[in-house]
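Thanks, everyone. Let me put the structure up, and then I'll walk through it.

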Amino acid sequence: MIVLTDPTSRLPAIRLEARRSIRDFADRSVSIDDLGTLLFAMQGRRRANDKRLTPSAGARYPLTLTVAVRRVATLSAGLYRYDVERHALDAIDNDAMALSKAAAATFEAPWVAEAALALHISAAFEKTTIPYADQPPAGRAERYVWLEAGHVAQNAALTAAALDLATVLVAGFDDAAMGRAFCIPPTEKPLGLMPVGYPKAG
């Protein structure tokens, strides 16, 4: 387990105008503190209560974040799962090729492999769909999960922009291949991928 530093003092000011979809990454390491800040912005808990920084229908929180690391200072390459409760990373695989496998799972995004890291959002849909199964119209509960993933991705994009990092949301991929690349358990569904790094100059 890698315990991350308290990010609350590092949460950046919102810079809506700075948010861009960037696909060209410099060959430069991202700091572990910046990674921790991104993860906290996506799923971190508020100090005052058990609620997270992103909204969730019924506070069910069906999402999980997994990180493929290629170049993060002081962190070995491989796969890590974000532990919300401890604000920590749990190593799940030391595969240094995880990011390349994620890129191969996309339909048209080989540049994913050039990022310093990639954040993967997956969901255990049943955490939300079962409690809301009887809410009309049928199938509405699944919509709540997708909306929550959008909130998480936007928090990541805004935080990355404020940290002068580049990212973009990638949703075009083979679900099974992406699940294997990130060691996603069968109880979860891959939803979105956000490669992160410093933007390439020029």
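**Salt bridges and packing**

Arg 86 is partly exposed, with 39% relative accessible area. The cut-offs: buried means under 20% relative accessible area, exposed over 50%, partly exposed in between, with a 1.4 Å probe and protein chains only. Before going on, the ground rules. This is a predicted model, where local features need pLDDT of at least 70, side-chain atom pairs count only at pLDDT 80 or more, and totals for chains, interfaces and linings use all residues. Residues are numbered from 1 along each chain as its sequence is written, and side-chain values use heavy atoms, with hydrogens and water left out.

Back to Arg 86. Its side chain meets that of Asp 83 in a salt bridge, 2.7 Å from N to O. Salt bridge here means a side-chain nitrogen of Lys or Arg within 4 Å of a carboxyl oxygen of Asp or Glu. Asp 83 is buried, at 18% relative accessible area.

How many salt bridges does the structure hold? There are 7. One of them joins Arg 45 and Glu 85, at 2.8 Å from N to O. That pair links distant parts of the chain, 40 residues apart. Arg 45 sits in the loop between α1 (32-43) and β2, Glu 85 in the loop between β3 and β4 (88-93). Helices (H or I, at least four residues) and strands (E, at least two) are DSSP runs, numbered from the N terminus. Glu 85 counts as exposed, at 55% relative accessibility.

Next, Lys 189 and Asp 175. Their closest N and O atoms are 2.9 Å apart, in another salt bridge. Lys 189 is in strand β7 and Asp 175 in helix α5, so the pair ties together parts 14 residues apart in sequence. Lys 189 is partly exposed, at 33%. Asp 175 is partly exposed too, at 31%. Finally, a salt-bridge network links Asp 27, Arg 70 and Arg 71.

Now the sheet. It is open, with 7 strands in the order β1-β4-β3-β2-β5-β7-β6, and the pairing is antiparallel. Which strands stand at the edges? β1 (2-3) and β6 (166-167): each has a single partner strand, so one side of each has no neighbour in the sheet. Pairing requires that DSSP finds at least two bridges between two strands. β2 (residues 63-69) and β3 (residues 78-83) pair antiparallel over 4 bridges. Ala 68 stands opposite Leu 79 in β3.

On to the helices. Helix α4 (residues 140-162) lies across β2, β5 (117-123), β6 and β7 (189-197), at about 5° to β7. Axes are lines fitted to C-alpha atoms, for helices over the stretch in contact, and angles run from 0 to 180 degrees between N-to-C directions. Contact means heavy atoms within 4.5 Å. α1 and α4 pack at about 145°, with their axes 8 Å apart. Among the α1 residues at this meeting are Leu 38 and Met 42; α4 brings Val 152 and Ala 156, among others.

In helix α2 (residues 98-105), the buried residues are Ala 98, Leu 99, Ala 102, Ala 103 and Ala 105. They cover an arc of only 160° around the axis, which puts them on the same side of α2. That arc is taken from the directions from the helix axis to the C-beta atoms. The partners of these buried residues are β2, β3, β5, α5 (175-181) and β7.

Last one: Thr 128, in helix α3 (residues 126-129). Thr 128 is buried, at 1% relative accessible area. Leaving out residues up to four places away in sequence, Thr 128 touches Arg 60, Pro 62, Ala 141, Tyr 144 and Val 145.
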